[in-house]
Amino acid sequence: MYVDDHCLELSETAGHPSSEDWQNVKVFLKFLEIFYQTILKFSETSHITSNSFFHELFNLQSLIVQYSDGVDSSLTNMAKKMKLKFDKYWADFEDMNMLLFVVVVLDPRYKMKYVKFLFSKFYSPLEGHGKSTKVMDTLSRMYNHYKDSISGTSNENIGDQTSVSQTDAMHSCDVWQSQWEKFLEDENNIGNTTKLEKYLMDDMEKNKDLNILAWWKVSYERYPTVSKIARNVLAIPTFTVALESTFSTGGRILDCY
């Protein structure tokens, strides 16, 4: 929209575009290429996209702020208008979906350390700490919910196995022995770290091209509950608008349904 306005101003002046005008066009293209590449990443259909939102959001915010303080007046004015629009939708942290941040913690290449790192770059120490705490609280509540659900299912299955069947009764010693061993294991783990805490404390992956879905699949035995959370959260698409409609000048294509 801002480029269109600039081109309209050019069309109202006499003569052909000057070398300065073409230079402005090159600058605009360089700036808008960033947004185009971001849309391409968000619009992918054969790859997960939810874990890329956090990175792209802060990257765009950083670039908009950078260009807002630049020396090129044309680009600076456009960037400032973009910043107003950006702040309208993304400035209020309280209104944002915490899952968009939780999914970064579930990426073994970044975890909670990366979230804290970026928050420290964009907010004051107090604000950054508060936002990090909210993200961690959200993940912890999800972990407890999933863990309780899994425990409830396991108890129901055990109840079915130890009910009226005579065959089950014949093997009751084995059943109770396994439950006794599980009980001792749980007792020994009281006061120790949870699987979520263990995941967060373990070393981060160094592979930049990591297949995150494959990683969680093979890590299920190590972090069963966290793996279930990752499976559901990673399935959320960041972007649901058709790519060809994103930069369309034809107006709204979809109806209210």
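Helix axes are lines fitted to C-alpha atoms, over the stretch in contact, and the angle between two of them runs from 0 to 180 degrees between N-to-C directions. The views below come from a predicted model.

**Figure 1. Helices α2 and α3 pack with their axes within 11 Å.** Helix α2 covers residues 19-42, and helix α3 covers residues 53-68. Their axes cross at roughly 170°. Angles over 145 degrees count as roughly antiparallel, so α2 is roughly antiparallel to α3. Which residues meet between the two helices? From α2 come K30, F31, I34, F35, T38, K41 and F42. From α3 come F53, E56, N59, L60, L63, I64 and Y67.

**Figure 2. The whole chain is built from helices, with zero strands.** There are 13 helices in the chain. From the N terminus on, the elements run α-α-α-α-α-α-α-α-α-α-α-α-α. The chain has 257 residues, and buried residues make up 31% of them. Take the contacts between residues at least 6 apart in sequence: 71% of these join residues at least 24 apart. The accessible surface comes to about 17400 Å². Carbon and sulfur atoms account for 55% of that surface.

**Figure 3. Helix α6 has a buried side and a side turned away from it.** This helix spans residues 111-122. Its buried residues are K111, M112, V115, L118 and F119. Why do the buried residues of α6 line one face of the helix? Seen down the axis of α6, they fall within an arc of 140°, so they share one face. What does the face turned away from the buried side carry? It carries K113 and K121, which are exposed.

Figure 4. Are K83 and D87 buried, partly exposed or exposed? K83 has 30% relative accessibility and counts as partly exposed. D87 has a relative accessible area of 28% and is partly exposed too. The partly exposed class lies between under 20% for buried and over 50% for exposed.

**Figure 5. R109 and D107 meet in a salt bridge.** N and O are 2.8 Å apart in this pair. Buried or exposed? Both R109 and D107 are buried. In total, the structure holds six salt bridges.

**Figure 6. K198 and D202 belong to a salt-bridge network.** D202 forms a salt bridge with K198. The closest N and O atoms of this pair are 3.2 Å apart. D202, at 22% relative accessibility, is partly exposed. K198 is partly exposed as well, with a relative accessible area of 35%. Which residues make up the network? Salt bridges that share partners join K198, D202 and R222 into one.

**Figure 7. S227 is a buried residue of helix α12.** The helix runs over residues 224-233. Why does S227 count as buried? Its relative accessibility is 8%, and buried means under 20%. Which residues does S227 touch, not counting those up to four places away in sequence? It touches W216 and Y220.

Note on methods. Residues numbered from 1 in each chain as written. Predicted model: local features only at pLDDT ≥ 70, side-chain atom pairs only at ≥ 80, totals over all residues. Heavy atoms only, no water. Helix = DSSP H or I, 4+ residues; strand = E, 2+ residues; numbered from the N terminus. Buried < 20%, exposed > 50% of the residue type's maximum accessible area, 1.4 Å probe, protein only. Contact = heavy atoms within 4.5 Å. Areas by Shrake-Rupley, 256 points an atom, 1.4 Å probe, with all protein chains shown as cover. Salt bridge = Lys/Arg side-chain N within 4 Å of Asp/Glu carboxyl O. Arc of directions from axis to C-beta. Parallel < 35°, antiparallel > 145°, perpendicular 65-115°, else oblique.
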